[in-house]
Amino acid sequence: MLLTIVLAGTAFILLTQDVKYVFPFYAIFGNLSLGMFVLLKDWKNKINLSYAATALLTALWAMLILFYGLANTPAEALLWSKIAAGVYAYIPIPFIYFFSVFPKEDVVPKRYQMIAWFCVATFFALISFTDLIIKDILRLKEGFVFIPGPAFALFVVYFLGFLVFAFSRLIERYYAYRGLNRRQIVYVLLGFFLGFIFPVITNLVLPLFGYSLLAGVGPFSTVITVGFISYAITKSRLMDISVIISRTVAEVIAVLFLGLIYLGLVWLHWTYISTSITFTFIAITVLYGILVGQIHQRIRLFIQTTSDKLFLHGKYDYYKELSEASMKVGEKLSLASILQILYRTFHDVVEISNPRIFLPENFSRAEATSKRYVVFDEETASAKQSGEEIRIDDQLVKQLILTRAPVLFPHDPKRELVVPCLLEDRLIAIFVLGRKLSEDHYTDDDIQLLMVLASQAAITLDHTRSYEKIRAELEVAERQLSRSQRLASLGTLTAGVTHEIRNPLTVIRSETDRLPSRERDLAYLKNHRDLVLRHVDRIAAIIQRMLRMAKEKPRQEEEVDLNEAIISSLQLVAISAVNLKKDLELVPLIKGDKIELEEIFVNLFQNAIQAMPEGGTLTIRTYIDEGRAVAEVTDTGNGIPPQIMEKIFDPFFSSRHEGVGLGLSIAYRIIREHGGDIRVKSEEGKGTTFKILF
Amino acid sequence: MAKHMVMVVDDEVDVANSIANTIKDTDRYDVITAYSAKEALEHLKKNKVMMGLGGNRIGLILLDIKMPEMDGLQLLTKIRHDFGEDIGISMLTAWEDEEKWDRATSGFVVNYIKKPFKSEELITTLDDFFSGEEGQMVLKTFEKHISKREEFNQKD
């Protein structure tokens with residue numbers, strides 16, 4: 001609607017009058033509409049009210065000046081100029097009021113002050129209608145000029161005095177405020193100064209020296225004020241009508257765009273088809289009208305979204321995304337995922353350059369105390385080696401805890417904003433944020449939302465700490481369990497080992513029994529010695545392996561041949577209950593712990609054998625696949641039912657009654673610790689293949 | 001009278017040879033060795049008397065219970081199926097698998113000799129078996145099975 005008025009007005013002026021009236025029209029309209037919007041937004045708010053009054057009075061005055069310029073006779077012009085002067089006399093009142101209460105209503109002019117100002121204004125308004133201020137109007141060929149009356153100088157003094165007083169008030173306030181408010185004051189000061197300096201010169205100062213020809217155009221520089229205020233509204237959320245502004249801008253662009261296309265069409269028609277209104281012309285117009293009706297809204301929305309992103313930085317999406325990020329952070333448990341969300345929010349949503357999250361250096365180890373905060377990396381969820389640190393006794397840390405508020409360093413682009421993540425009086429983390437990519441400063445809203453994000457992050461990070469601690473404890477427990485499982489599986493191992501030991505024992509015993517009858521048979525004795533030693537060594541080796549398995553000891557890092565590990569683990573399993581097929585190829589050596597690697601195979605072999613109670617074939621293959629050493633253990637047993645497939649690596653999950661259910665989970669852990677993968681392929685009734693890749 | 005023939009079946013060559021030597025040392029028995037179930041079955045076939053109608057020259061088999069491919073129990077079943085009940089079978093065990101023990105009942109084995117055994121124990125088994133106590137031995141083992149089985153049942 002607004003736009004229709006603007007366009008209709010422009011069109012009307014262009015058609016009926018002169019181009020020079022377009023700008024006055026914009027001045028009137030700009031002041032009028034901005035004043036109205038600000039007023040309607042919150043008419044009880046003193047800031048909005050006083051600004052609206054100033055803008056509306058300015059609009060009225062500009063309109064009167066326009067009428068003055070358009071007047072037919074000097075007498076008529078005189079009348080308009082007197083009314084204009086009367087209106088003008090009142091402008092300082094809301095103006096000074098606005099400058100007093102902006103940007104915060106902490107200083108409200110006293111009632112008696114108001115009455116006094118009002119009296120002065122009314123005095124000047126009243127004498128405006130006499131000849132004391134404007135004596136007469138003359139018509140020159142360039143336009144009307146007015147002859148100042150005897151009190152004109154007084155009027156100028158009054159007006160300028162109030163203006164200076166008002167500006168000084170706001171400048172005073174400029175020094176009293178920080179951050180966003182300060183920026184808003186700058187916009188307002190600049191806007192009003194630039195908007196008022198010109199009419200003050202043309203309509204007050206120059207006439208004082210006898211030159212009043214420019215009086216007619218004086219008001220129109222208030223467009224600048226309107227522009228500045230609008231900019232301040234959109235950028236710094238002044239009086240909160242940025243939606244309307246952005247919508248208006250979008251409407252203007254959309255209509256201009258569609259209008260230009262239409263004008264182009266008309267021009268084409270005009271030049272190439274006909275200069276009169278033909279049926280074709282009407283058809284085109286009607287079709288275009290329909291088209292506009294269909295797409296205008298969409299184009300407007302598109303432009304508004306784009307311009308919002310440009311001018312408001314996608315403000316609304318942005319707020320939504322920020323609060324969503326706060327919510328998402330709350331859902332996460334692992335440090336890595338929390339850091340990821342936070343960093344992503346800083347980078348993509350708030351668009352901050354060089355954001356850093358500082359955490360205590362021993363964040364994951366709750367028992368260790370940290371002396372400093374260091375930057376944590378999102379990828380590894382561990383301290384980055386950036387060298388950047390904030391010592392725990394740093395003044396900044398103390399300040400953050402004491403004030404519980406973010407700290408702004410407006411002149412430090414690398415560290416413009418520091419937001420504390422506080423939980424009670426513990427400083428869980430610190431966000432150190434560089435300047436926004438847009439080069440804008442942080443707004444109060446940014447800070448507010450970042451604070452919400454920070455407090456959410458503090459809670460979650462604190463939970464994470466206990467979660468990480470529990471995870472570390474779990475790992476220790478798992479290790480202990482793995483040991484007890486090893487001890488438990490000794491029982492199972494014993495059965496297999498018994499056979500292995502008893503056979504050599506049989507040989508040793510029988511052969512030794514036969515000794516007395518052959519004590520002189522040297523060849524026999526030598527043979528006997530070899531035989532017995534061989535079998536004693538065999539027993540010793542078996543016992544050695546059993547002991548190694550039962551013992552807990554730090555992990556060894558050595559070069560291990562998978563095939564060797566497989567062969568020695570085979571000796572610990574009662575393998576002869578099933579057929580064994582070995583297809584071992586040469587594979588690269590693996591860095592790791594031989595005993596642990598053997599444990600994987602012992603577990604897998606035991607499972608395979610237990611999966612084949614009726615006998616079957618156990619196939620062990622090793623080969624190289626894409627440079628990785630691969631071991632495959634395949635049984636022809638019952639297979640794993642698909643419904644339990646997911647659980648087979650869980651601790652304590654067992655499909656057997658006698659099992660502890662740790663075999664595969666331990667195997668999994670060991671493989672993981674060796675940087676390997678394990679894959680399972682199983683078909684019920686046909687068998688299972690475990691493929692381990694290192 | 002020809003010596004009784006004993007066959008030692010064990011997949012471990014050293015074990016089989018050692019047992020065979022111990023038996024040979026007594027000079028009272030002929031001994032053959034088989035290192036796998038397949039070999040054992042071949043020996044049994046070769047030693048049939050009058051196509052099996054006159055029994056088998058092998059009187060007693062010392063059978064390792066745990067061997068690859070076909071284990072002792074499977075072989076036992078096969079022998080009983082192919083060569084009847086007349087051949088005595090003594091199980092050599094290093095691995096007291098209770099379930100297997102139980103299953104062996106159906107094979108009517110002479111006894112179980114646990115590795116590592118004393119030479120006398122082995123020889124006594126042979127002597128007893130060939131001096132006509134075969135029936136009693138099988139019965140005794142069978143009774144042991146029954147009580148063992150009852151023990152299991154009670155446990156369950």
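Angles under 35 degrees count as roughly parallel, over 145 as roughly antiparallel, 65 to 115 as roughly perpendicular and the rest as oblique. Axes here are lines fitted to C-alpha atoms, for helices over the stretch in contact, and angles run from 0 to 180 degrees between N-to-C directions.

What we have is a predicted model, in which local features need pLDDT of at least 70, side-chain atom pairs count only at pLDDT 80 or more, and totals for chains, interfaces and linings use all residues. Residues are numbered from 1 along each chain as its sequence is written, while chains are lettered from A and ligands numbered from 1 in the order in which they are written.

I start with the two chains. Chain A has 20 helices and 15 strands; helices (H or I, at least four residues) and strands (E, at least two) are DSSP runs, numbered from the N terminus. Of the 694 residues in chain A, 37% are buried. Buried means 20 or more other C-beta atoms within 10 Å of the residue's own, exposed means 12 or fewer, and partly exposed is in between, with C-beta atoms placed from the backbone. Chain B has 5 helices and 5 strands, running β-α-β-α-β-α-β-α-β-α from the N terminus. Of its 156 residues, 38% are buried.

Now the helix pairs in chain A. Helix 4 (residues 74-90) and helix 6 (residues 111-128) of chain A have axes 8 Å apart and pack at about 175 degrees. They are therefore roughly antiparallel to each other. On the helix 4 side the contact uses A:Lys82, A:Ala85, A:Gly86, A:Ala89 and A:Tyr90, and on the helix 6 side A:Ala121, A:Phe124, A:Ala125 and A:Ser128. Contact means that C-beta atoms, placed from the backbone, lie within 7 Å. By class, this one has 6 nonpolar, 2 polar and 1 charged residues. Ala, Val, Leu, Ile, Met, Phe, Trp, Tyr, Cys and Pro count as nonpolar, Asp, Glu, Lys and Arg as charged, and the others, Gly among them, as polar.

The next pair is helix 5 (residues 92-101) and helix 7 (residues 152-176) of chain A, whose axes come within 8 Å and cross at roughly 10 degrees. That makes helix 5 of chain A roughly parallel to helix 7 of chain A. Among the residues making the contact are A:Phe95, A:Ile96 and A:Phe99 of helix 5 and A:Phe159, A:Phe162 and A:Phe165 of helix 7. The class count for this contact is 10 nonpolar, 1 polar and 1 charged residues.

Further along chain A is helix 17 (residues 562-570), where A:Leu562, A:Ala565, A:Ile566 and A:Ser569 are buried. Down the axis of helix 17 of chain A, the buried residues fall within an arc of 100 degrees, so they line one face of the helix; the arc is that of the directions from the helix axis to the C-beta atoms. Their packing partners in chain A include strand 10 (579-584), helix 18 (594-610) and strand 12 (617-625).

Last, some backbone details. A:Arg404 is not a glycine but has a positive phi, near 55 degrees. A:Arg404 sits in the loop between helix 14 (395-403) and strand 6 (407-408) of chain A. In chain B, phi of B:Asp27 is near 70 degrees, also positive in a residue other than glycine. B:Asp27 is exposed, with 7 other C-beta atoms within 10 Å. B:Lys115 and B:Pro116 are joined by a cis peptide bond, with omega about -10 degrees. B:Pro116 is in the loop between strand 5 (111-114) and helix 5 (119-155) of chain B.

Technical notes. Two residues are in contact if their C-beta atoms, placed from the backbone, lie within 7 Å.
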